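Visitor: I am new to this structure and would like to learn how to read it. Please show it to me, and we can go through the features in turn.

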Amino acid sequence: MRIVVVGGAGTIGQRLLPALHQAGHEVVVAGRTSGEVRVDLVDHDSIEAMYREVGAVDAVVSIAAHGALDDFATLTTEAMAENMRAKFFGQADLVLTGQHHCADGASFTLTSGIFADQAWRGVTGGGVISGALHSFVLSAAIELPRRMRVNVVSPTMISDSVDAFDEHFPGMRPVSTDEVVAHYLRCVDGDDTGQIIRAYG
Ligand SMILES: NC(=O)c1ccc[n+]([C@@H]2O[C@H](COP(=O)([O-])OP(=O)(O)OC[C@H]3O[C@@H](n4cnc5c(N)ncnc54)[C@H](OP(=O)(O)O)[C@@H]3O)[C@@H](O)[C@H]2O)c1
């Protein structure tokens, strides 16, 4: 398959890309400043341009754009809306726009996170983004044309990110990066659609 991986140069991407190559797939990496193709998830025109550039791909994997940490005492709805632009609306746009460009039977695999299901201080916005992604995938799965599929992988902190994130989420048990990579592979190579894959370790 020919696959676009948005955010493929990041932490999860560095582990997912070799696994996709190993499975025999041709991979195009997209990012704002990294990869072979430029795309910014907050910019609809750049998403359209990415799809025109890569052609009718068989799969899109999105592992880009974090929800920002927030301070509930000073949080505003405007800040929440801004926080949602890339990780929620951008990923939704990858599907909404991609349905018109991708090959018959193409799959979309999005990324959310554990805060959809588990409260943690400082991540109200991130939790809302992930919950919204889960709801989006349920609807999109029954609406997509031409046998297209859509799933979302919802990881907790991955083992490769413990050093970077431990100070923000002390005591959080990580999930192995290998397990998370296996979930993305199953979404690409399998038949699932409308699945919310909770990788909570
Ligand atoms: N790492 C974890 O423990 C963990 C746990 C749960 C969920 N997640 C989620 O998994 C996803 C990937 O995580 P990660 O740790 O691999 O992230 P990362 O290392 O920060 O990499 C993110 C990648 O996304 C690209 N990117 C960022 N903003 C973008 C935008 N607006 N448009 C297009 N590309 C963009 C970056 O490249 P450019 O800068 O070149 O654009 C980079 O390649 C994120 O959504 C994150 O919230 C991660």
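Visitor: In E2, which residue is the bridge partner of Val5?

Guide: The bridge partner of Val5 in E2 is Val29. Before going on, note that this is a predicted model, in which local features need pLDDT of at least 70 and side-chain atom pairs count only at pLDDT 80 or more, while totals for chains, interfaces and linings use all residues. Residues are numbered from 1 along each chain as its sequence is written.

Visitor: How are the names of strands and helices to be read, and what does pairing of strands require?

Guide: Helices (H or I, at least four residues) and strands (E, at least two) are DSSP runs, numbered from the N terminus. Two strands pair if DSSP finds at least two bridges between them. Here E1 and E2 pair in the parallel sense, over five bridges.

Visitor: In what order do the seven strands stand in the sheet?

Guide: The order is E3-E2-E1-E4-E5-E6-E7, in an open sheet with parallel pairing. At the edges stand strand E3 (37–38) and strand E7 (196–199); each has a single partner strand, so one side of each is left without a neighbour in the sheet. Further in, strand E4 (residues 59–62) and strand E5 (residues 107–111) pair in the parallel sense over three bridges, with Val60 opposite Phe108 in E5.

Visitor: Which strands does helix H4 touch, and at what angle to E6 does H4 run?

Guide: Contact means that the C-beta atoms of two residues, placed from the backbone, lie within 7 Å. For angles, axes are lines fitted to C-alpha atoms, for helices over the stretch in contact, and the values run from 0 to 180 degrees between N-to-C directions. Helix H4 (residues 124–143) packs on the sheet and touches E5, strand E6 (149–155) and E7, with its direction at about 160 degrees to that of E6. H6 also packs on the sheet, touching E1, E4, E5, E6 and E7; the direction of H6 makes about 175 degrees with that of E6.

Visitor: Is Ser130 buried or exposed?

Guide: A residue is buried if 20 or more other C-beta atoms lie within 10 Å of its own, exposed if 12 or fewer, and partly exposed in between; the C-beta atoms are placed from the backbone. Ser130 lies in helix H4 and is buried, because 25 other C-beta atoms are within 10 Å. Leaving aside residues up to four places away in sequence, Ser130 touches Ser112, Gly113, Phe115, Ala116 and Ser154.

Visitor: Why is E6 described as largely enclosed?

Guide: Seven of the seven residues of E6 are buried, so E6 is largely enclosed by the rest of the structure. Both faces are covered: Arg149, Asn151, Val153 and Pro155 are buried on one side, and Val150, Val152 and Ser154 on the other. E5 and E6 run parallel, joined by five bridges, and Thr109 has Asn151 as its bridge partner in E6.

Visitor: Which residues of helix H1 are buried, and which are exposed on the other side?

Guide: In helix H1 (residues 11–22), Ile12, Gly13, Leu16 and Leu20 are buried. These residues cover an arc of only 85 degrees around the axis, which puts them on the same side of H1; the arc is that of the directions from the helix axis to the C-beta atoms. Gln14, Pro18, His21 and Gln22 are exposed on the other side. The cover over the buried residues of H1 includes strand E1 (2–6), strand E2 (26–31) and helix H6 (177–189).

Visitor: Where do positive phi values occur in residues other than glycine?

Guide: Ala65 is not a glycine, yet has a positive phi of about 70 degrees. Ala65 is in the loop between E4 and H3 and counts as buried, because it has 22 C-beta neighbours inside 10 Å. Arg147, also not a glycine, has a positive phi of about 60 degrees. Arg147 lies in the loop between H4 and E6 and is exposed, with 12 other C-beta atoms within 10 Å.

Visitor: How many residues surround the ligand, and which are the closest?

Guide: A residue counts as near a molecule if its C-beta atom, placed from the backbone, lies within 6 Å of it. In this model 29 residues surround the ligand, and the closest are Gly7, Gly10, Gly31, Arg32 and Ala64. H1 and helix H3 (77–98) are the elements that give two or more residues to this shell.
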